[in-house]
Amino acid sequence: MALLMRFLALFTTLLSYANAISITSTKYYNISNDVEGSVHLNGLAFQQSALTTFGDYQYVTFYKTASGYGKHYVNLGRRRIAPSVGDWQYFAFTDYEQHTLDEHNTISMGISGDGKIHLSFDHHDVPLNYRVSTSGVAKTIPSDWSMSTFGGSVQHSLPGSSGPWTPLTYPRFERLANGDMLMEFRIGQSGAGDSYVHRYSSTSGQWSNVGKYLQGQDNNAYINGVTSSNGNLYVSWTVRETPDASTNHDFYFALSEDDGRTWKATSGNSVSKPITPSTAGIKVYTIPQNSEIMNQEAQTADENGRFHALMRDKSSGTARFYHYLRTSTGTFSKTAINAPGLSNPPYLAYRGKLAAKGDSLIAILPDAPKNTVTLWGATAEGNYQDWKLMATIINMAGEPQVDEERLAQNGVLSVFVRQGGPFGERKVQVWDYELQL
Ligand SMILES: *[C@@H]1O[C@H](CO)[C@@H](O)[C@H](O)[C@H]1NC(C)=O
């Protein structure tokens, strides 16, 4: 017994030197049955976002079968998360039936500072589909949660702004510190496309065109995300030459100190807009074609001015997930994620996410060969190399989404996932992890 106590004491001492991120409680919620068919429409890495928090409420958006095969409605759920967690409430937008069985045609959601909820959905090189609540429902919290409370209808332009609005793919929303919101999307096609930013004013309720900021040179940028943090807007990307993913190459980065109007390279040197793959100083890492880069993986920024990206490649001969870190003074590093027990990502396998809180970084990584999603924590103190397994979700077949706002605001990690298994059993879920950081 005494020996055991001594052993436990030693063990505890050893643990206290290791990184301290851990999970103190776990709870999950079945949100809905996933839609029928082999195509994933819920839970894709480029959705920005499917799960987000505004004030004391969390919101989730997903497709659910309307009737029969290949007919889906956009659904929107909400629940109170503070001071205590309430039940989910949902409704379907029954005035728009989604039909295209194509994994591009996901839903993105953003909430502007005036409490309006913006949704954009069902695109693969088609005109914009956009709808916005007619009032600030995320602020007023109407007791009725329904399509009529939400109001409005599907629009094909952003009111107040100017196009082009087609052929559009990959809409993303990012709220700014003052409550305005950016919308980012690609116009053009895989292998030949440009990226645009529009800005929503939370004061006027109108959009304006910030402009084209990335331009292809007979190729296109696939961004890891658009992240606003501490007054900076960060974008990182890979470039693809043709519709074939094997032609993805290199890691690029730019930042804007004026919400996308003007841009700088990582060095701090201004670059002219639109940025192209040959703009000087934009390429940070050279990674050749045929390196098994998966486009649109993940990025985030932390409260202490660091930028983090997740991208995989096989440049070492073995496919690995890499953590790209840009320090607050602008120095980049690229380090393979040595997460004990994590499978190397097979070519084109599910993509992950990153989330940051203080000096802690969490990687939410699908382990595709094991049909799991794994959560790993690393710390600045451990040079982000002390990856520690925090949790494993089993029976996964999709790409996780993370609620960055809830983590920032409440210190709770909320993850949206899609299960594996047959239609009728397969669910989309939200997992809540209370953290000790
Ligand atoms: C989720 O759904 C599964 C399958 O229907 C069920 O067994 C499980 O109890 C549900 N879990 C929760 C938390 O509702």
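I began with S120, which stands opposite Y130 in β8. The model is predicted, so I kept to its conditions: local features need pLDDT of at least 70, side-chain atom pairs count only at pLDDT 80 or more, and totals for chains, interfaces and linings use all residues. Residues are numbered from 1 along each chain as its sequence is written, and side-chain values use heavy atoms, with hydrogens and water left out.

**Entry 1, β7 and its partners.** I took the elements as DSSP runs numbered from the N terminus, with helices (H or I) of at least four residues and strands (E) of at least two. Strand β8 covers residues 130-132 and runs antiparallel to β7, to which 3 bridges join it; for strands to count as paired, DSSP must find at least two bridges between them. Strand β6 (residues 107-111) also pairs with β7 in the antiparallel sense, over 5 bridges, and there M109 stands opposite L119. The hairpin of β6 and β7 has 5 residues between the strands, and I noted that G115 takes a positive phi near 85 degrees.

I then asked how many residues of β7 (residues 117-121) are buried. I found 5 of its 5 residues buried, where buried means under 20% relative accessible area with a 1.4 Å probe and protein chains only. I117, L119 and F121 lie on one side and H118 and S120 on the other, so that both faces are covered.

Why is β24 (residues 360-367) described as largely enclosed by the rest of the structure? Because 8 of its 8 residues are buried. S360, I362, I364 and P366 point one way, while L361, A363, L365 and D367 point the other way, and all are buried. On one hairpin, β23 and β24 pair in the antiparallel sense over 5 bridges, with A356 opposite L361; 2 residues lie between these strands, and G358 in the turn has a positive phi of about 60 degrees.

I looked up cavities, meaning sets of points on a 1 Å grid over the protein atoms alone where a 1.4 Å probe fits but cannot get out, and pockets, meaning open sets with protein on both sides within 12 Å along at least five of seven lines; lining residues have an atom within 4 Å of a point. The structure holds 5 cavities of 30 Å³ or more, and the largest cavity has a volume of about 80 Å³. Its lining includes Y170, R172, E184 and Q296. The largest pocket holds about 830 Å³ of space and is lined by 41 residues, of which E174, T227, S228, E404 and E405 lie nearest its centre. β13 gives the most to this lining, with 6 residues.

I recorded Y28, N30 and K427 around the ligand, counting a residue as near if one of its heavy atoms lies within 4 Å. A polar side-chain atom of N30 lies 2.3 Å from an oxygen atom of the ligand, and a polar side-chain atom of Y28 lies 2.9 Å from a nitrogen atom of the ligand.

Note on methods
A polar contact is a pair of N or O atoms within 3.5 Å; within protein, one must be able to donate a hydrogen and the other to accept it, and residues adjacent in sequence count only if both atoms are side-chain atoms. Buried means under 20% relative accessible area, exposed over 50%, partly exposed in between (1.4 Å probe, protein chains only). Grid points are joined across faces, edges and corners, and a volume is the space filled by probe spheres set on the points.
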